[in-house]
Amino acid sequence: FLLEKFHLLGHSWGGVYAQVYAQKHPEKIQSLFLCSPGSGTGDAWKKTEKEVMQFNKSVTTRGEWCKMGWNSLMGALGSNKAYQSLFTQVVNNYHEGHQVAMAEQATDFSKITSEPINKTRKNILKYPELEKMQNPGFPILITFGSNDIYGKSKQLTVERYPDATTVIVPSSGHMPWLHNPGFFKEVISGFYDCGDQTTESLQSINQYDLLNKLKEQQNAPGMQYQIIKDSEILFEYADGFASIESGDPVTPQTRFNMFSTTKTFTAVAILQLEEKGLLSLDDKLEKYLPDLSELKGVSIQDLLSHQSGLKNPIPLKWIHLQEEEDSFDYKTWTQQIISENEKPKNNPGEVFRYTNVGYLILGEIIESVSGMAYEDYIRQEIIHKIPDIDYLDFDIPESGYASGYQPRGFMSLLLGFMIDKQKHLNKTNKDYFSFNPFYLNGKSYGGLISNQSSLNAFLQTLMEEESSILGSESKSKMFQDHQTKDGKPTGMGLGWFTGKLNDQRYFCHAGGGGGYYCEIRIYPELKISSVLMMNRSGMKDERLLDKLDETFIP
């Protein structure tokens with residue numbers, strides 16, 4: 001019988017055939033699914049071939065590459081066996097870096113013959129350029145693996161179909177149904193409207209698409225994102241490179257520098273000490289640190305809410321290499337920085353001015369009152385009381401640690417005036433400088449290292465009614481909007497910034513510096529928390545979670 005309409009799926013070369021057919025016979029198409037398609041005919045095909053050659057060369061030895069060249073030449077001259085050998089190597093290359101069962105890898109190329117391959121390539125090159133297809137009258141889905149064989153040429157396909165849904169399949173290459181079958185199944189279910197989870201699948205696909213685009217826009221080698229409600233994961237993402245040099249991927253367990261999100265732990269520690277009766281937020285600093293003569297009248301609460309009047313020197317240069325850690329004198333450095341910057345620019349309570357120096361002082365108070373080193377107190381009284389922690393500490397982990405990167409451009413030039421580039425940076429490639437592993441000199445303003453799941457465990461524990469780390473009264477103080485003396489809102493609680501998304505109140509903090517950027521957030525009324533981490537430099541609070549969380553916030 002004759003089909004009036006049908007669903008058309010094309011992969012790789014078949015994706016070019018599918019595009020040609022859809023252009024000639026759009027009336028017959030029910031839907032079009034282009035999975036890692038070749039980018040088109042004529043010059044577009046030439047670009048595709050060039051990129052595929054570059055990919056194959058990058059994953060083969062010199063001997064394998066030379067053999068591929070010879071088999072390609074002999075196949076073009078009519079040798080069936082040459083093409084059979086060539087495509088065996090090609091498929092092995094496509095699985096490079098991906099876990100695929102041997103049975104799934106096995107492909108029978110014994111039926112391949114040279115004549116149809118050579119004729120097809122010749123005709124693809126001669127075929128007229130494919131036209132833009134707007135409002136085609138049928139749905140179109142385009143997918144590529146996050147580590148696909150194509151480069152910029154895939155954008156030609158995307159631009160050809162402006163109404164299509166484009167999805168980057170994470171942790172996959174040119175064969176996503178083998179490399180990430182679970183996600184690929186969601187793509188199929190969502191597009192063809194099958195199964196009980198269609199709505200959820202489409203939402204998940206759209207969220208992955210949003211994150212892939214964000215990672216590209218942010219010029220981040222790797223990225224993690226996770227959003228949780230009542231300890232149930234609503235969505236999580238981990239993709240890209242933890243190390244560009246080694247090719248190690250970002251996984252949900254990969255650890256990143258947290259930078260200033262550490263301040264929320266410092267705030268919790270201070271409030272814990274108040275619960276124990278060891279200090280009061282209204283106490284003046286001279287009670288604990290009498291040598292700070294310039295800060296008389298400044299309270300602990302002023303420091304927590306960034307209303308102390310202290311200035312904020314740029315802290316990017318406040319780092320030292322991992323190999324210098326054993327000899328670095330934290331106490332001397334901290335006292336020197338506080339002494340150099342202790343004279344306020346304003347009286348306490350007059351203005352909101354973010355300052356890392358204030359949180360260095362809070363770290364000193366925690367040590368003075370508790371009798372413990374700051375990092376030991378945080379470990380014992382906060383981290384060790386949180387269940388389901390994967391990694392949350394001040395030490396650089398021995399494995400699973402993301403390298404930090406600085407995209408080349410204006411900011412990389414500016415960094416040269418702030419840090420010793422010869423000491424701290426390496427030229428990774430034409431796009432990035434990489435940071436040598438380093439520690440921050442001040443642990444209480446930014447020293448922690450973690451990943452998405454461990455940070456969410458902290459946030460969820462903090463929101464529990466009977467929290468193991470902080471009582472209800474202290475949380476009410478912490479999550480309260482503060483004002484200056486003349487009643488101006490500061491957008492700040494105690495250690496947390498405030499905001500609203502879809503009219504839902506949230507508290508958040510960002511952390512950024514050389515090589516890393518992090519955002520954490522809680523929605524107390526919804527019991528929802530979210531975390532974003534990436535290994536590219538960040539210098540300000542970018543509120544990227546506003547866009548990522550929006551789908552999940554009613």
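How many bridges join strand β15 to β16? Five bridges join these two strands, which run antiparallel. The model is predicted: local features need pLDDT of at least 70, side-chain atom pairs count only at pLDDT 80 or more, and totals for chains, interfaces and linings use all residues. Residues are numbered from 1 along each chain as its sequence is written, and side-chain values use heavy atoms, with hydrogens and water left out.

The chain holds 21 helices and 18 strands. Both are DSSP runs numbered from the N terminus: helices are H or I with at least four residues, strands E with at least two. The C-alpha atoms fill a box of roughly 90 × 50 × 40 Å along the principal axes. Of the 554 residues, 54% are buried. Buried means under 20% relative accessible area, exposed over 50%, and partly exposed in between (1.4 Å probe, protein chains only). Among contacts (heavy atoms within 4.5 Å) with a separation of 6 or more, 69% link residues 24 or more positions apart.

Strand β15 covers residues 497–501. Strands pair if DSSP finds at least two bridges between them. K500 stands opposite R505 in β16. The two strands form a hairpin with two residues between them, and N502 in the turn has a positive phi of about 50 degrees. On to the next strand. Seven bridges join β16 to β17 (residues 516–523), again in an antiparallel arrangement. Here F507 stands opposite I522. This hairpin also has two residues between its strands, and G515 takes a positive phi near 95 degrees. Strand β16 (residues 504–513) is largely enclosed by the rest of the structure, because eight of its ten residues are buried.

In soluble globular proteins, nonpolar side chains tend to be buried together. A nonpolar core is a set of buried Ala, Val, Leu, Ile, Met, Phe, Trp, Tyr and Cys residues joined through side-chain atoms within 4.5 Å. The largest core has 82 residues; I300, I361, I365, F458 and M478 touch the most other members. Helix α14 (residues 356–370) gives the most to this core, with eight residues. Leaving out residues up to four places away in sequence, M478 touches A267, V268, L271, L462, L470, G493, L494 and W496. A second, separate core of 36 residues includes F183, L210, L211 and Y506.

Helix α15 (residues 374–381) is mostly covered, with six of its eight residues buried. These are Y374, E375, Y377, I378, R379 and E381. Their cover includes α11 (263–275), α14, β9 (392–393) and α18 (443–446).

In a cavity, a 1.4 Å probe fits at a set of points but cannot get out; a pocket is an open set with protein on both sides within 12 Å along at least five of seven lines; lining residues have an atom within 4 Å of a point. Grid points are joined across faces, edges and corners, and a volume is the space filled by probe spheres set on the points. The structure holds one cavity of 30 Å³ or more. The largest cavity has a volume of about 50 Å³. Its lining includes N257, G446 and I449. Strand β13 (residues 438–440) gives the most to this lining, with three residues.

The second largest pocket has a volume of about 850 Å³. Of its 30 lining residues, W13, E49, V52, L86 and F87 are the closest to its centre.
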